[in-house]
Every structure is written in C-alpha cells, then in structure tokens.
Number of protein chains: 2
Amino acid sequence: MTGSRRPTLSDVAHEVGVSAKTVSRVLNDDGPTSARTREKVMEAVNRLGFQPNLMARNMRRGSPDSTIGLVVPDMGNPFFGTVAGGIEDAVRERGLTLLMGSSAEDPAQERALIETFLSRRVSALVVVPSVGAHHAYLGGVSSGPPVVFLDRPGSGLATDRVVSSNRSGAQEGTAHLLAAGHRRIGFIGDLPAGLYTRRERLAGYRAALADAGVPYDRNLVASGHDQGASAAATEGLLDLAEPPTALLAGNNFTAMGAVTALARRRRKDIALVAFDDLPLAEILEPPLTVIAQDPAALGAAAARTVLARLDGDRTRPRAEVVPTRLVPRGSGELPPR
Amino acid sequence: MTGSRRPTLSDVAHEVGVSAKTVSRVLNDDGPTSARTREKVMEAVNRLGFQPNLMARNMRRGSPDSTIGLVVPDMGNPFFGTVAGGIEDAVRERGLTLLMGSSAEDPAQERALIETFLSRRVSALVVVPSVGAHHAYLGGVSSGPPVVFLDRPGSGLATDRVVSSNRSGAQEGTAHLLAAGHRRIGFIGDLPAGLYTRRERLAGYRAALADAGVPYDRNLVASGHDQGASAAATEGLLDLAEPPTALLAGNNFTAMGAVTALARRRRKDIALVAFDDLPLAEILEPPLTVIAQDPAALGAAAARTVLARLDGDRTRPRAEVVPTRLVPRGSGELPPR
DNA sequence: TTGAAAGCGCTAACAA
DNA sequence: TTGTTAGCGCTTTCAA
C-alpha cells in the first residue's frame with residue numbers, strides 16, 4: 001500500500017511499448033487509437049494500479065479543478081450538512097465534486113481554508129462567512145473563481161448571495177405569538193451578537209412588536225450559542241421579575257436549549273416559536289411551532305448560481321432569498337396565562 | 001473577479017525585477033533573501049493578488065497534497081459531522097486540511113469520490129464504507145496513501161479501522177431492558193440489513209437475549225433508514241398480536257422514529273433504549289436512555305492512526321474499538337405492564 | 001494511428 | 001544574496 005513510487009503515464013507507456021501520448025489518448029478518448037492498443041493500455045493501467053495525476057492534468061490544461069469548495073462554520077450542525085447535500089445533488093451531474101471544510105466560525109481559519117481552496121484551483125467557492133471575516137482580498141486585481149455567500153452575506157465583496165427570509169420569517173413567527181395574545185415575548189438569539197442571522201431575526205421580532213404597538217424591552221433578549229448556554233439563557237428570562245409568557249428561539253440550537261429549559265422547569269404554559277425546524281418538533285409536548293427553513297433549497301440555489309457563473313453569466317451580483325414557512329404545531333398557539 | 005489570467009510566480013518576479021526562484025524563496029522562507037527584496041516581493045504579491053499554485057508546487061516537490069480525504073455516506077447526519085470535527089481538530093496543527101465528500105451510501109459514488117481524492121494525491125484517506133462496496137482496488141500493486149476505515153470495516157482490504165463497541169453496547173442496552181423485567185423486546189434496525197453496524201448491534205441484542213434465556217423472535221425485528229420509515233416500522237411492532245413491551249433502537253434516526261411512533265400512539269409505557277445519543281434525549285417524556293457513542297473520539301482515533309502511518313508506522317493494521325456508554329435516563333427503566 | 005517536442009507553474013540542484 | 005537549468009506528470013501542437 002505504501003511503498004514504491006506511484007506509476008505514471010510513462011510507466012504505463014513503457015510497459016505497453018507505446019508513447020505516453022498514446023496512453024493519454026486512450027484514457028481521455030482523445031483522438032484515434034486502435035482497439036488492440038486500447039486493450040493493452042487498459043490492461044497495464046489496471047495491472048499497475050495507475051491513477052492519473054489530476055494536478056498535472058489540470059496544470060497542463062490550465063483548467064480549474066473540477067471541485068467546488070464549501071466553507072461552513074460547523075460541520076456538526078445538521079443545518080450545514082443538509083445545505084451541503086443540496087449543493088452536491090445539484091452539481092454532481094455536471095461532474096463537479098463538492099469538498100467541504102470547516103472554519104470553526106473563526107475568520108483566520110476561514111481565510112486559511114479559502115486560500116487552501118484557491119491554491120488548489122477549485123472551480124467555485126461557496127462560503128458561509130464567519131462573523132468578523134472580511135473578504136475584500138477575494139476581489140483583488142486577480143481573476144478568481146466565482147464566489148457565492150450562503151446563509152450570510154459576506155463583507156467587503158460584492159458577489160452573489162443566498163439567504164433565508166430571516167427578517168420576515170421572524171416577524172411572522174412573532175406576529176403568531178402576538179396573535180395568541182402575548183405581550184411579553186422573549187428572544188433567545190445565537191451568538192455572537194453581530195451574527196447576520198441573529199441581527200435579521202431580531203429585527204423581524206422588533207418589527208412585529210412595533211406593528212402591534214408593543215414596546216421593545218431589551219431585558220427580554222437573551223443569548224446562547226450552544227444548547228446548554230441557550231437553556232441557561234432561557235432560564236434567566238424565566239427568572240425575571242416580569243418574565244415573558246412566550247419565547248422566540250433564534251435558531252435550531254437555541255430552540256433545543258429553550259425546549260430543554262422549559263422542560264426542566266415544567267413550564268408547558270410558556271409559548272414557543274423556533275426559527276429552523278427540529279427532527280422531533282412534532283412530538284414535543286406541546287408540539288413545537290417553527291419557522292421552517294429549507295437548507296437543501298439554500299444549497300440548491302447556491303449551486304444554480306455557481307453553475308450560471310461558470311457558464312459565463314456576467315450580470316451583476318444576485319441576492320436570492322429562500323422563503324421560510326411558518327409551521328403551527330401547538331407551542332406557538334398557547335395563550336398567555 | 002473573473003477575467004484575465006491568474007498571476008504566476010514569473011509574473012510577480014517580472015513585476016519586481018527578480019527571478020522566479022527569488023520569489024519562491026521569499027514565499028517559502030527557503031534560503032537567504034534581502035529584506036528589501038522580501039518587501040518588494042510581498043508588495044507585488046499583494047498587489048497582483050497572487051495565489052501560489054499548489055498543484056504545481058506539489059507536483060514539483062513530489063509530495064502529496066496536504067489534505068486528508070473523508071468519505072461519508074451522508075453529510076446531513078450529525079453523527080458524521082461530529083466525526084469530521086474530531087478528525088479536523090486532530091490534524092489541523094499538523095497543517096493538514098480535511099476535505100469531506102459524500103458517497104450517498106452508494107458504492108459507485110463512493111468509488112468515484114475515492115478516485116477523485118487519489119487523483120488529487122491526498123495524504124490520507126478516511127472512509128466510511130458504503131454497503132456493498134469493495135476496496136480491493138485500493139490495495140493494488142501501486143503505492144497509495146494510508147487508508148483508515150471508520151464506523152464500519154471495509155471489504156477486501158486489510159487496513160486500519162476504528163469502530164464503536166457496537167456489539168457489547170447493544171448487548172448492554174438489551175440487558176438493561178431485560179433487568180427491568182422485559183421479555184418481549186423489539187429491535188428497530190437501520191437499513192439495508194447488511195449494514196455492519198446493524199448486524200453487530202443485532203448480534204449484541206441476540207446475545208443478551210440468549211444470556212437471559214429469552215428466545216429470539218424474528219417478528220420482533222423491524223427496520224427503517226430514516227425517521228419516517230422507522231416510525232412506521234415501530235408502529236408495526238406495536239400492532240403485533242403479541243407486541244413488545246420494550247424496544248431497542250439501532251441508531252439515531254431509528255431512535256427518532258421510535259420516539260415519534262410512541263408519542264403518536266401515546267405509549268409512555270413502552271420501554272426504549274436507543275443506540276447513539278440525541279440532543280433532546282433528556283427532555284423527552286420519559287427521558288431517553290441511550291447507549292451513547294462518541295463520534296468525536298472516533299474521528300480523533302482515526303486521525304491518530306493516520307498521523308502514525310504518515311510518520312512511518314509500518315506495523316500491521318490496527319483495529320481500534322471506541323467504547324460506548326450506557327446512559328440511563330428513564331425510558332429504559334420502565335417495567336413491563 | 002502514433003510519436004516527439006514543448007511547456008503548464010513551480011522548486012531542486014547547482015552555479016555565480 | 002541571487003540566477004540558471006532542468007524536470008515533476010501531463011496534454012497540446014505538430015509532424016510522421
């Protein structure tokens with residue numbers, strides 16, 4: 001397995017007794033070759049376990065690598081996994097392979113990963129930008145592959161982007177709680193506070209409050225990035241002197257935290273609407289009302305944009321919004337006590 | 001952004017008025033260079049937006065690409081996302097980048113992805129083999145990168161592997177149900193039936209039954225791959241003439257299906273133990289008892305093995321088993337009615 | 001139907 | 001401290 005040098009085209013050619021170019025022709029179906037030659041070449045290829053060196057091929061051809069680089073902040077979040085699946089399904093038939101790496105929500109790691117992808121000459125880049133990252137360097141004098149920002153707009157680079165309808169979705173979810181009669185509605189948002197999705201969803205929440213003439217109370221805004229911190233933040237809201245009677249959870253992890261906190265406190269009377277769906281939402285008690293995102297559609301939209309750019313689309317940057325959908329299941333319809 | 005040719009080393013060299021080799025020296029910190037030269041070179045690099053072509057560098061150096069290829073059957077499954085995070089954390093400081101792609105549990109796609117990685121000369125390959133895939137081709141005459149199988153052993157290739165303690169874990173979980181007094185215990189397994197983890201866990205289940213002198217009844221074995229199918233399969237078990245009083249769910253998705261089915265039927269009297277933990281396990285009613293896996297540890301173990309091989313370890317293939325842990329939370333302690 | 005020569009962008013080896 | 005030459009493995013171009 002690990003041992004002698006990997007075989008090259010010339011090794012195969014030498015083995016068969018032809019020139020390297022002939023082997024190349026056989027492998028790439030490029031130009032005429034006799035059946036006899038083809039047979040012998042293929043036999044030698046298999047016998048030697050020859051694997052063409054794509055780096056050499058791409059270099060000579062001057063063509064980009066047939067891969068698309070995807071940068072996400074967290075591979076363990078099924079939201080991004082589903083996004084990746086949506087991209088992959090859409091680009092596979094074009095012969096493109098999706099390569100995914102994680103930035104761990106760190107601008108430095110994000111940049112390192114992007115440069116890794118650029119140095120490997122990927123055909124396109126899909127990036128979920130980390131908070132605090134700047135992308136001006138991507139738009140330098142140099143010609144690079146098309147870049148699409150996903151889930152969040154990038155900073156310092158005017159290029160295509162695909163996001164969910166964060167603001168109107170959150171507004172709709174909050175309005176749903178207001179319609180049930182709630183006036184004190186808590187918001188549990190992701191961290192850091194500068195996160196685009198958090199800001200947009202918080203803005204939607206505030207817009208709904210304003211529409212209903214309910215004053216915004218910043219004491220009702222809590223934060224957490226993972227499930228544990230979000231649960232603690234939720235308990236903090238419940239412990240207020242004037243606690244909320246309803247909650248809007250800002251994403252899937254904060255939703256799990258809120259659900260956990262309410263369960264620990266046995267507070268089935270607190271209404272809850274979550275941004276982003278959860279696999280077990282239906283069977284929670286009460287069943288969880290959500291503003292569902294469509295991560296596979298986000299991925300597919302990004303892929304379509306990428307393919308259009310690769311096909312020569314030179315129009316100005318697109319900003320696509322994938323709609324969210326309110327799914328009432330019960331937890332958002334509870335009245336205030 | 002997309003336009004003129006990407007700048008090369010020579011472009012930079014020409015711009016500064018030095019040779020390509022000097023620019024190379026500056027960029028790679030290889031050999032002496034004057035401060036003045038370094039300055040001018042870096043300035044030109046930034047101005048032109050030069051990105052070194054890693055394909056060319058790797059080719060010339062004859063070194064493999066500083067990436068590790070990871071092949072998983074499903075990017076949307078957080079289990080594999082967490083595994084990937086475990087690998088990444090362990091290899092990052094060695095300067096290796098993790099590239100993940102999906103086989104969609106299809107041997108043909110798996111092979112295509114592996115060949116893609118091999119053609120790009122990755123430093124190592126970590127593979128979660130699809131059912132029905134054979135890997136003899138990886139062990140050919142040729143020298144290739146180290147390969148580690150993860151979560152499941154590969155077929156046709158004797159190489160390193162890292163798996164969970166599937167059999168003993170399932171045995172322990174089943175024994176837990178038997179200890180609570182259950183004698184009719186259903187098993188809901190992943191599909192296809194040939195899947196290694198399913199077979200191992202089923203074997204553990206059967207071993208526990210045998211230890212307790214309880215006859216194995218194949219009518220109590222049901223199957224599903226996703227949450228919906230697993231829920232339907234669970235309902236099928238509940239509709240038997242002699243239904244089970246307890247269930248063992250074979251993985252995270254079947255667990256969510258079983259939980260869903262029991263909730264729909266309002267059967268809080270049915271005991272349940274699930275293989276693999278769930279984020280909301282604690283707050284289900286009753287709280288879900290699980291045989292927890294440690295996906296990050298699986299990834300870390302695979303990474304350690306990879307690094308050892310890259311460091312020249314030529315000993316015979318390792319078979320590492322990452323232990324599972326029974327976490328009693330309530331659902332497995334319910335007595336039979 | 002096949003081969004020879006050149007060169008993609010970079011770095012090793014040597015020379016200056 | 002810097003430059004020149006050659007060559008990594010492949011494909012393009014041209015010739016046979």
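User: How does strand β6 of chain A pair with β8(A), parallel or antiparallel, and over how many bridges?
Analyst: This is a predicted model. In it, β6(A), residues 185-189, and β8(A) pair in the parallel sense, with four bridges.

User: Which residue of β8(A) does I188(A) stand opposite?
Analyst: I188(A) faces A249(A) there.

User: And what about β9(A), how many bridges join β8(A) to that strand?
Analyst: Four bridges, and β8(A) and β9(A), residues 271-275, run parallel. L248(A) stands opposite V273(A) in β9(A).

User: What does the chain go through to get from β8(A) to β9(A)?
Analyst: Helix α10(A), residues 252-264, and the β-α-β crossover is right-handed.

User: Back to β8(A): which residues point which way?
Analyst: The strand covers residues 246-249. A246(A) and L248(A) point to one side, while L247(A) and A249(A) point to the other.

User: Are those four buried or exposed?
Analyst: All of them are buried.

User: Why would the directions alternate like that?
Analyst: Because in a regular strand, side chains alternate between the two faces of the sheet.

User: New topic: where is V16(A)?
Analyst: V16(A) belongs to helix α1(A), which spans residues 9-16.

User: Why does V16(A) count as buried?
Analyst: Because its relative accessible area is 15%, and buried means under 20%.

User: What does V16(A) touch, leaving out residues up to four places away in sequence?
Analyst: K40(A), V41(A) and A44(A).

User: And how far is V16(A) from V45(A), in sequence and in space?
Analyst: They are 29 residues apart in sequence, and C-alpha to C-alpha the distance is 9.6 Å.

Definitions and conventions. Residues numbered from 1 in each chain as written. Chains lettered and ligands numbered in written order. Predicted model: local features only at pLDDT ≥ 70, side-chain atom pairs only at ≥ 80, totals over all residues. Heavy atoms only, no water. Helix = DSSP H or I, 4+ residues; strand = E, 2+ residues; numbered from the N terminus. Buried < 20%, exposed > 50% of the residue type's maximum accessible area, 1.4 Å probe, protein only. Contact = heavy atoms within 4.5 Å. Pairing = 2+ DSSP bridges. Right-handed = clockwise from strand over helix to strand, strands pointing away.
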